Amino acid sequence: MTKQEYLNMCLASYGTSPDYPFEDDFETAVLRHADNRKWYAIVMKVSRCKFGLDSDEVIDVVNLKLPTEMFGSFGSPDGVYPAYHMNKLHWVSVLLPDAPEDVVAFLTNASFEATRSKIKARKKHEMPENKELSTF
């Protein structure tokens, strides 16, 4: 999958367009929720050697935030590695040229869900009609 294909997938699936908050000539793209502004993905160029691979080829990589129970479910055969330049307890790096598209889509969805707003259910405390508040 290319970077542009990935960004198109996110636009089609989540309605999000990339944000370019860094001064690197639009190389690093951030995808975030509109309501809470939390990142669910960051796409950047990284050398394969940063993942312990025997190559200096620079490729597109997407970092995704995953729930802790998902860690260990994917690995290098899937194109998934401990996160580059992020907290490795919460993020993974997915090598876009190597990872199967279904794995990329699944992990992106998991990241999107893990970073979405948590709306807490509030109990409605309604006063019965025709009741007055008493003062003590």
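Visitor: How many aromatic pairs does the structure hold?
Guide: This is a predicted model, and it holds seven aromatic pairs. Among them is the one formed by Tyr14 and Tyr40, which is edge-to-face, with 5.6 Å centre to centre and 70° between the planes.

Visitor: Which parts does that pair tie together?
Guide: Tyr14 belongs to helix α1 (residues 3-14) and Tyr40 to strand β2 (residues 39-47), so the pair ties together parts that are 26 residues apart in sequence.

Visitor: And are Tyr14 and Tyr40 buried or exposed?
Guide: Both Tyr14 and Tyr40 are buried. Tyr40 also forms an edge-to-face aromatic pair with Phe112, at 5.0 Å centre to centre and with 85° between the planes. That pair links distant parts of the chain, since Tyr40 is in strand β2 and Phe112 in helix α2 (residues 101-115), 72 residues apart. Phe112 is buried as well, and Tyr14, Tyr40 and Phe112 form one aromatic cluster.

Visitor: Switching to the sheet, what order do the strands have?
Guide: It is an open sheet of five strands in the order β1-β2-β3-β5-β4, with antiparallel pairing. The edge strands, each pairing on one side only, are β1 (29-32) and β4 (80-82), and the twist averages 30° from one strand to the next.

Visitor: Where does α1 pack, and which strands does α1 touch?
Guide: Helix α1 packs on the sheet, where it touches β1, β2 and β3, and its direction makes about 175° with that of β2. Helix α2 packs on the sheet too, touching β2, β3, β4 and β5 (91-95), with its direction at about 40° to that of β3.

Terms used:
Residues numbered from 1 in each chain as written. Predicted model: local features only at pLDDT ≥ 70, side-chain atom pairs only at ≥ 80, totals over all residues. Heavy atoms only, no water. Phe/Tyr/Trp six-rings, centres within 6.5 Å; stacked < 30°, edge-to-face > 60°. Helix = DSSP H or I, 4+ residues; strand = E, 2+ residues; numbered from the N terminus. Buried < 20%, exposed > 50% of the residue type's maximum accessible area, 1.4 Å probe, protein only. Pairing = 2+ DSSP bridges. Axes fitted to C-alpha atoms, helices over the stretch in contact; angles between N-to-C directions. Contact = heavy atoms within 4.5 Å.
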